[in-house]
Amino acid sequence: MAPDYRSDPMESPEGQGVAKKAWNAYVKAVDRRIPPFVRMRLESALEPLGNQLVEDLIGFWVMWHLYGGFEGLEEFGMHKSTIWRKVARFRKITGSHPDMFKMPGISIDPKAYWASRGP
């Protein structure tokens, strides 16, 4: 049974705010390079699509490595055509196959993941 963390809540939904501080520093640096009127139009038009795309790409990349690639994802229950489509999209956007792609700042340890799942 998973532990119940409700009795030990964080100070805020952001936890200690480490990720939020790093993100805000990045946004501040980028905002100086994009004129405000351009940024506002781009954000309102593309943000929902961009958010979903990034979430899907990162999730697929993590699943690819945790489940051992194509065959593992198929055993997990993903249809072959879905895997092929996601690999193609991943390659189109990142320029690399998910098996070879290295995501700066993120490392995956499949052995540790599966060891934590129990026997």
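This is a predicted model: local features need pLDDT of at least 70, side-chain atom pairs count only at pLDDT 80 or more; totals for chains, interfaces and linings use all residues.
**Entry 1: a lysine to begin with**

I started at lysine 86, which comes out buried at a relative accessible area of 15%. For these notes, buried is under 20% relative accessible area, exposed is over 50%, and partly exposed is in between, with a 1.4 Å probe and protein chains only. Residues are numbered from 1 along each chain as its sequence is written, and side-chain values use heavy atoms, with hydrogens and water left out.

Lysine 86 sits in helix α4. I take helices (H or I, at least four residues) and strands (E, at least two) as DSSP runs, numbered from the N terminus. Which residues does lysine 86 touch, not counting residues up to four places away in sequence? I found Asp56, Phe60 and Met78. Contact here means heavy atoms within 4.5 Å.

**Entry 2: the charged pairs**

Next I looked up salt bridges, meaning a side-chain nitrogen of Lys or Arg within 4 Å of a carboxyl oxygen of Asp or Glu. The structure has 3 of these salt bridges. One joins aspartate 56 to lysine 86, at 2.7 Å from N to O.

I noted arginine 89 as partly exposed, with a relative accessible area of 28%. Put together, Asp56, Lys86 and Arg89 make a network of salt bridges.

Then I went to glutamate 74 and lysine 80, whose side chains meet in a salt bridge at 4.0 Å, N to O. Buried or exposed, or in between? Glutamate 74 is partly exposed at 31% relative accessible area, and lysine 80 is partly exposed at 45%.

**Entry 3: around helix α4**

I wanted to check the length of α4. The expected span of a helix is 1.5 Å times one less than its number of residues. For the 15 residues of α4 that should give 21 Å, and the end C-alpha atoms are 21 Å apart, which agrees.

Which residues of α4 are buried? My list reads Thr82, Ile83, Lys86, Val87 and Phe90. They cover an arc of only 130 degrees around the axis, which puts them on the same side of α4. The arc is taken from the directions from the helix axis to the C-beta atoms. On the face turned away from that buried side, I found the exposed residues Trp84 and Lys92. Just after α4, glycine 95 takes a positive phi of about 80 degrees.

**Entry 4: rings**

For aromatic pairs, rings of Phe, Tyr and Trp (its six-membered ring) pair if their centres lie within 6.5 Å; planes under 30 degrees apart are stacked, over 60 edge-to-face, and the rest tilted. How many aromatic pairs are there? The count comes to 8. One of them, tryptophan 23 with tyrosine 26, is tilted, at 5.4 Å centre to centre and 40 degrees between the planes. These two are 3 residues apart in helix α1 (residues 18-31), about one helical turn. Tryptophan 23 is exposed, with a relative accessible area of 52%.

The rings of phenylalanine 90 and phenylalanine 101 have centres 5.3 Å apart and planes at 85 degrees, so I logged the pair as edge-to-face. It links distant parts of the chain: phenylalanine 90 in helix α4, and phenylalanine 101 in the loop between α4 and α5 (110-116), 11 residues apart. Both partners turned up buried, phenylalanine 90 at 1% and phenylalanine 101 at 19%. I also found a cluster in which ring pairs link Tyr67, Phe76, Tyr113 and Trp114.

**Entry 5: a glycine and the whole chain**

Glycine 69 is in the loop between α2 and α3 (70-76), and at 4% relative accessibility it counts as buried. Glycine 69 and proline 98 are 29 residues apart in sequence, yet 8.5 Å apart in space, C-alpha to C-alpha.

Last, I stepped back to the overall chain. I counted 5 helices and 0 strands, and buried residues make up 18% of the 119 residues.
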